[in-house]
Amino acid sequence: MNYNDIIRRFMHGHGYSRLQPLAALFDMDGTLYDSMPHHARAWMSMCEEAGFEATPMDFFMAEGRTGADTIEMLMMRSRGQHATPADVEHYYSIKSANFRRMPPVDLMPGAPQVVQACMDAGMATVLVTGSGQTSLIERLAADYPGAFALKVSAREVAHGKPSPEPYIKAMQMARVEPWQAIVVENAPLGVRSGVAAGVFTIGVATGPMPAQVLAEAGATVVFDSMPACAQAMPELLRSLMP
Ligand code: CA
């Protein structure tokens, strides 16, 4: 595939005179780990216990939001009430405990190769997640050695995705501007967050939603799977480098 047209259109659309990718900003759930089915199940059992109305698709659609934002959505919908900080802590701790009881999450096939391609190209790699799920964040060092010294998690941001804040924070951490970064994301709200931050955003459809949903959310380039992204990454990065 020839990426030059896509890159030219992206630069023109943002008024960038050049791109110089120095940092790759990676989403975690559904991107680095095949964890979304586990999360959906953990949310569903919490909802059944608490009496919130929900379907698994709600959690695929809400993917990228912080736990607090998701609990606010559930409380408003089922009870017409805002979630207090105590509600958030209570329901999120039940959801987290459900998640921890599940079998270990697998690495997303192809993701280590995508991360490695960015490292080989001399880029800093930064984690940008809405998750406060420490059990997965703690595995990163072993599963992605040397990759994610820099991390933005739910604790560091006031507004989760689709706000651009998590990606803006990540760029401040890595000391880069939007024209010096790329985003790798699997969910529509995450794609919108990267796009709103002005970053070249790679959307990878790894779950039940079609790739088209990521294109509609504004992804600069879209892949059907992480192995497809891994295969394309070296050429895409060469095209992006000046
Ligand atoms: Ca995700």
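This is a predicted model: local features need pLDDT of at least 70, side-chain atom pairs count only at pLDDT 80 or more; totals for chains, interfaces and linings use all residues.

Q: Which helix gives the most to the lining of the largest cavity?
A: To read a lining, look at which elements supply its residues. Here α2 gives the most, with three residues. α2 (36–50), α4 (67–79) and α5 (85–100) each supply at least two.

Q: What volume does the largest cavity have, and which residues lie nearest its centre?
A: The volume is about 230 Å³. The lining comprises 19 residues, and Asp29, Trp43, Glu63, Gly64 and Arg65 lie nearest the centre. By class, the lining residues are five nonpolar, nine polar and five charged.

Q: Which residues coordinate the calcium ion?
A: The calcium ion is coordinated by Asp27 (OD), Asp27 (OD), Asp29 (O), Glu63 (OE) and Asn186 (OD1), at 2.2 to 3.2 Å. Along the sequence, the donor residues follow the spacing D-x1-D-x33-E-x122-N. Glutamate 63 sits in the loop between α3 (56–61) and α4, while asparagine 186 sits in the loop between β4 (181–185) and α10 (188–196), so this pair links distant parts of the chain, 123 residues apart. Both glutamate 63 and asparagine 186 are buried.

Q: How many salt bridges does a search of the whole structure find?
A: Five. With charged pairs, check the distance, then the location and the burial. Aspartate 27 pairs with lysine 161, their closest N and O atoms being 3.1 Å apart. Aspartate 27 is in the loop between β1 (23–26) and α2, and lysine 161 in the loop between β3 (150–152) and α9 (165–174), so the bridge ties together parts 134 residues apart in sequence. Aspartate 27 is buried at 5% relative accessible area, and lysine 161 is buried at 1%.

Q: Which residues are linked with Asp27 in a network of salt bridges?
A: Lys161 and Glu185 join Asp27 in the network. Glutamate 185 meets lysine 161 at 2.8 Å, N to O. Glutamate 185 is in strand β4, 24 residues apart from lysine 161, and both residues are buried.

Q: Are arginine 139 and aspartate 143 buried or partly exposed?
A: Arginine 139 counts as partly exposed, at 25% relative accessibility, and aspartate 143 also counts as partly exposed, at 23%. Their side chains meet in a salt bridge at 3.0 Å, N to O.

Technical notes:
Residues are numbered from 1 along each chain as its sequence is written. Side-chain values use heavy atoms; hydrogens and water are left out. On a 1 Å grid over the protein atoms alone, a cavity is a set of points where a 1.4 Å probe fits but cannot get out, and a pocket is an open set with protein on both sides within 12 Å along at least five of seven lines; lining residues have an atom within 4 Å of a point. Grid points are joined across faces, edges and corners, and a volume is the space filled by probe spheres set on the points. Helices (H or I, at least four residues) and strands (E, at least two) are DSSP runs, numbered from the N terminus. Ala, Val, Leu, Ile, Met, Phe, Trp, Tyr, Cys and Pro count as nonpolar, Asp, Glu, Lys and Arg as charged, and the others, Gly among them, as polar. Donors are N, O and S atoms within 2.8 Å of the metal (3.2 Å for Na, K and Ca); water is not among the atoms, so sites may look incomplete. Buried means under 20% relative accessible area, exposed over 50%, partly exposed in between (1.4 Å probe, protein chains only). A salt bridge is a side-chain nitrogen of Lys or Arg within 4 Å of a carboxyl oxygen of Asp or Glu.
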